[in-house]
Amino acid sequence: MTQYIIKRILLFIPMLFVISMLVFVLIQLPPGDYLTTVLMRMAESGEEVDQALIEGLTRQYGLDRPLYRQYLLWISNIVFRGNFGRSFEWGMPVADIIWERLAWTVVLSLGSIVFIWIVSFPIGVYSATHQYSFFDYLVTLFGFLGKATPNFLLALILMWAGWSWFGWTMGGLFSPEYQREAWSWAKFVDLLKHLWVPLVVLGTAGTANLIRILRSNLLDELEKPYVQAARAKGVSEFKLIWKYPVRIAINPFISGIGGVLPELISGAAIVSIVLSLPTTGPVMLNALLSQDMYLAGSFLLMLATLALIGTLISDILLALLDPRIRQGV
Amino acid sequence: MDADQPLLEIRDLRTHFHIRQGTVRAVDGVSLSVFPGQTLAIVGESGCGKSITAQSILRILPRAGRIEHGHIHLQLSAGGPGRGEIVDLVGLNPKGSAMREIRGGEIGMIFQEPMSTFSPVYTIGHQIAEAARLHRTADDIEPRELVLDMLAHVGFAHPDRTWSQYPHELSGGMRQRAMIAMALIGRPRILIADEPTTALDVTTEAQILRLMKGLQAEFGMAIIFITHDLGVVARMADQVAVMYLGNIVEQGDVDTVFHAPRHPYLKALLRSVPRLDPAENIGLEPISGMVPDPFSRPAGCPFHPRCPEFMPGTCDTAVPQLLPAVAEPGRTRAACHLYT
């Protein structure tokens, strides 16, 4: 087991290198670079474009060098100095921009995973063990609604409902008066007051999805001979359900972890813009649009790393859960 | 305990399935008796209701299935909490504690597919010990010791190792041995074996059958052996009940059933068995026609559309009774209008 984990972590290194190259190539693929964007904006607003300034900037940012030199500079700075480069647009080091946003993204991601699990686990099990009951139909209805409603629309509806019925402002993670405050208990409570909205918005589709998956998985497992065999030896029904079929049917809960992190980061961009959340989504979208390449590249690299970590965690948990995976059968 | 007194007596059991397409009368008026230490074989084609009969006894029917009628009288063991009383299993709550005491404690069951009757995520030892903890509470021995002892009984050379093995680490035959150990760990007086060797190759099958006979002699339990294989019946059974479409069509002791069959279905079934004996090698004779659609059972005798001795006006109108009403030596009881 330890060997397996070490092997997996060692595999990360070549994988990250390949990913970093792909990322760099991808963000360079669109025609032009950050300077062309700047020039275009300047031309649009009627400003004089100074040729000498452009050449100076080009040299300063190293944009005149060949692609592989740019890549090597970028990656060696990250690996050896922890320096992710400077953002053209923000005019400050990339590291200053991303860390806090990344932290909030991870908090929101983990929070919505927990939300998804807490809600979908008991409902899914009940729904399967009471198939075609009233509650099962009700949950199914809400499940389809939740899955079919786009996240950002749900966010808009919640914000509108909160404002027009209760006079709440739900954007952001803090009330304006706490925004610049140092951490305190009151600030934490304020955070919780705001946090539930993005968690519900981000978690609804996932919850609906997981309930459906758990329900159908469990329905399959309930018919398996090992369930009947356990029943035939006299195990009580409640214990039987949780110990035998549920144990197998929770696989998607675990394997879902790997996908949740990147999905939240890419899919949550629009929600984050609507709810003005300080997560990576909106900034990354902007960086990609304006070809702010070091910022966008660093974000993508971070996301890839998170995805790899998520997959590793889910693989380890799956191995713990199922001896057949553990022993490589 | 009186050996003439049946341990288990089923009277006119009717188990029906209510599903969207209609009602399936899977078991439709079955009466059977199981005597201490004896083996009763229930034979029939797929879908004849033999497994549903077994599941009705243990009250582990699928959700759509319901016992509509009949009694299943079980004599509880004198040493157990039931103190030798006779209970009607049909009257018990299938999820209640009384029924759970009986499952595994009074009646054990082994299943057809040794590949999937153990949960893949728990060790063999854990799953057998669970049954020991449920039913051997009176014993002052550690469940682990009981399990190791039982594993040795069913033929594991290294019970210690098997204890911590997972199901996928055992072969099909070994898994079926482990399954037998799990069914017997609660010391049931009846063992229901639902096609226990169907999924195994013939060599393994022979070993498992020998093992079951040996364990029966040792523990003295009765066996209800469900199979479609007449060869297995001949080896294992004392009494035989032949089922067709939810009914028993012929019943008797094993010698009489094989040497003096009366019901046309059983005769046809015996003719369809391949033989190695050259003198009798007259070719295989399949039973004509197909088992009818479960939603449209034929009126009268359920076998009449396929019967070579079909009598119009009689067989398609009245349902034949199992006769004679009381078993006579040297003669089977058959449900056929030829003998009424």
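How much area do domain 1 of chain A and domain 2 of chain A bury between them, and what percentage of it lies on carbon and sulfur atoms? The two domains bury about 2,500 Å², 73% of it on carbon and sulfur atoms, where buried area is the accessible area (1.4 Å probe) that two parts lose on being put together, summed over both.

This is a predicted model, in which local features need pLDDT of at least 70 and side-chain atom pairs count only at pLDDT 80 or more, while totals for chains, interfaces and linings use all residues. Residues are numbered from 1 along each chain as its sequence is written, chains are lettered from A and ligands numbered from 1 in the order in which they are written, and side-chain values use heavy atoms, with hydrogens and water left out.

**Between the domains of chain A**

The assignment, with bounds from an automatic or database source, places domain 1 at 2-94 and domain 2 at 99-326 of chain A. The contact (heavy atoms within 4.5 Å) takes 32 residues from domain 1 of chain A and 25 residues from domain 2 of chain A. On the side of domain 1, Phe12(A), Ile27(A) and Phe84(A) lose the most area to domain 2 of chain A, together 22% of what that side buries.

The count between these domains is one salt bridge, a term for a side-chain nitrogen of Lys or Arg within 4 Å of a carboxyl oxygen of Asp or Glu. Arg8(A) forms a salt bridge with Asp315(A), with 2.4 Å between the closest N and O atoms. On the side of domain 1 that touches domain 2 of chain A, α1(A) gives the most, with 13 residues; helices here are DSSP runs (H or I, at least four residues), numbered from the N terminus.

**Between chains A and B**

In the contact between the chains, 27 residues of chain A meet 29 residues of chain B. The area buried between chain A and chain B is about 2,500 Å², of which carbon and sulfur atoms give 57%. In chain A, Gln228(A), Ala232(A) and Lys233(A) lose the most area to chain B, together 25% of what that side buries.

The count between chain A and chain B is three salt bridges, and the side chains of Lys243(A) and Glu130(B) meet in a salt bridge at 3.0 Å, N to O. The largest share of the side of chain A that touches chain B, six residues, comes from α9(A).

**The two interfaces**

| Interface | Buried area | Share on carbon and sulfur atoms |
|---|---|---|
| Domain 1 of chain A and domain 2 of chain A | about 2,500 Å² | 73% |
| Chain A and chain B | about 2,500 Å² | 57% |

Conventions: Helix = DSSP H or I, 4+ residues; strand = E, 2+ residues; numbered from the N terminus.
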